[in-house]
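Let's take a friendly walk through a protein model, one region at a time. Keep the structure open beside you as you read.

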Amino acid sequence: MKSDFIPEKKLEEIANQTLARHEGRCGKTICAPVPIERIVEDTLNLNVLWEAIPEPDGQTILAGFDPTKRLVVINENRRKVFEETAGLYNTVLGHEGGHWNLHGEKISAEQQTLPGLERPLCCLYKSSGMKGPKETQANKFMSYLLLPSSLLLPAIKDVDLLVWKNLYQLRELFGVTISVLTIRLQNLNLLYVSPDRELHPSRAEFAGQRRLTP
């Protein structure tokens, strides 16, 4: 199924609208960390269930989505991964919530039944990465939802983003994975993480340094 193009600004707008809906529902202003579990369950009206999800050889599946039952399934077999990876649970919930907000019933036709599992699932969240426009859209929605500019920009004011310790403190504050945080900052052109994990103010500055290196 071909996915409709959604402009970057629209993704951020939908995420901000979701936050505003939740604020209106609970009657208080959201602060970091964004209460993603409450947003998913109370505002998006989705259910979250821990259940074993079978995995094909060589794949690690962390979660899946059943839109017909408005159900996010977290893989019980990978509970240890969630416990050991700070912010991963919030990231997965935000991503699957993005699928519902952005794609809704359109993704029902893509549900699949994995061997050993009766429940049909779609939009499987895999640790090896996910390809396709819908997955990219859900990821970007998740980053706008968990790291909205209204909260992120004040939080990083006067913070040296070129120090990993500071980035991990921000990760803790927002309850996201370190990769989600750094990608969001890079998309704001506030940071660039080079392939060797060195921190730079921007990709352009990193490129300039490389040109000057003998």
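## The nonpolar core

A nonpolar core is a set of buried Ala, Val, Leu, Ile, Met, Phe, Trp, Tyr and Cys residues joined through side-chain atoms within 4.5 Å. Keep in mind that the model you are looking at is predicted. Its largest nonpolar core holds 48 residues, and the members that touch the most others are Ile 74, Leu 93, Leu 167, Leu 181 and Leu 185. Which helix gives the most to this core? That is helix α4 (residues 88-102), with six residues. A second, separate core has six residues, including Ile 53, Ile 61, Val 73 and Leu 121. In soluble globular proteins, nonpolar side chains tend to be buried together.

Now pick out Ile 74 and look at its surroundings. Setting aside neighbours within four places in sequence, Ile 74 is in contact with a list of residues that includes Val 48, Leu 49, Trp 50, Glu 51 and Ile 53. Leu 62, Ala 63, Phe 82, Tyr 89, Val 92 and Leu 93 are also among the contacts of Ile 74.

## A strand on the inside

Next, find strand β2. Is this strand largely enclosed or open? Six of the six residues of β2 (residues 61-66) are buried, so the strand is largely enclosed by the rest of the structure.

Strand β2 has two pairings to trace. With strand β4 (residues 122-126), β2 pairs in the antiparallel sense over three bridges; here Phe 65 has Cys 122 of β4 as its bridge partner. With strand β3 (residues 71-75), β2 also runs antiparallel, and four bridges join the two. In that pairing, Asp 66 stands opposite Leu 71 of β3. The hairpin of β2 and β3 has four residues between the strands, and Arg 70 takes a positive phi near 50 degrees there.

## A buried threonine

Thr 43 belongs to helix α2 (residues 36-43). Is Thr 43 buried or exposed? Buried means under 20% relative accessible area. Thr 43 has a relative accessibility of 5%, so it counts as buried.

Which residues is Thr 43 in contact with, leaving aside its neighbours within four places in sequence? They are Thr 18, Arg 21, His 22, Arg 25 and Arg 38.

Rolling a probe the size of a water molecule over the atoms shows where empty space is left. The largest pocket contains about 330 Å³ of space. Its lining is made of 14 residues, and those nearest the pocket's centre are Asn 139, Met 142, Ser 179, Val 180 and Ile 183.

Elements α4, α5 and α8 each give two or more residues to this lining. The largest share, five residues, comes from α8. By type, the lining of the largest pocket divides into five nonpolar, seven polar and two charged residues.

Glu 8, Lys 140, Ser 143, Tyr 144, Arg 184 and Asn 187 line the largest cavity.

Helices α5 (133-146) and α8 (178-187) each supply at least two residues of this lining. Here the largest share, three residues, comes from α5. The lining of the largest cavity divides into one nonpolar, two polar and three charged residues.

How values were computed:
Residues are numbered from 1 along each chain as its sequence is written. This is a predicted model: local features need pLDDT of at least 70, side-chain atom pairs count only at pLDDT 80 or more; totals for chains, interfaces and linings use all residues. Side-chain values use heavy atoms; hydrogens and water are left out. Buried means under 20% relative accessible area, exposed over 50%, partly exposed in between (1.4 Å probe, protein chains only). Two strands pair if DSSP finds at least two bridges between them. Contact means heavy atoms within 4.5 Å. On a 1 Å grid over the protein atoms alone, a cavity is a set of points where a 1.4 Å probe fits but cannot get out, and a pocket is an open set with protein on both sides within 12 Å along at least five of seven lines; lining residues have an atom within 4 Å of a point. Ala, Val, Leu, Ile, Met, Phe, Trp, Tyr, Cys and Pro count as nonpolar, Asp, Glu, Lys and Arg as charged, and the others, Gly among them, as polar. Grid points are joined across faces, edges and corners, and a volume is the space filled by probe spheres set on the points.
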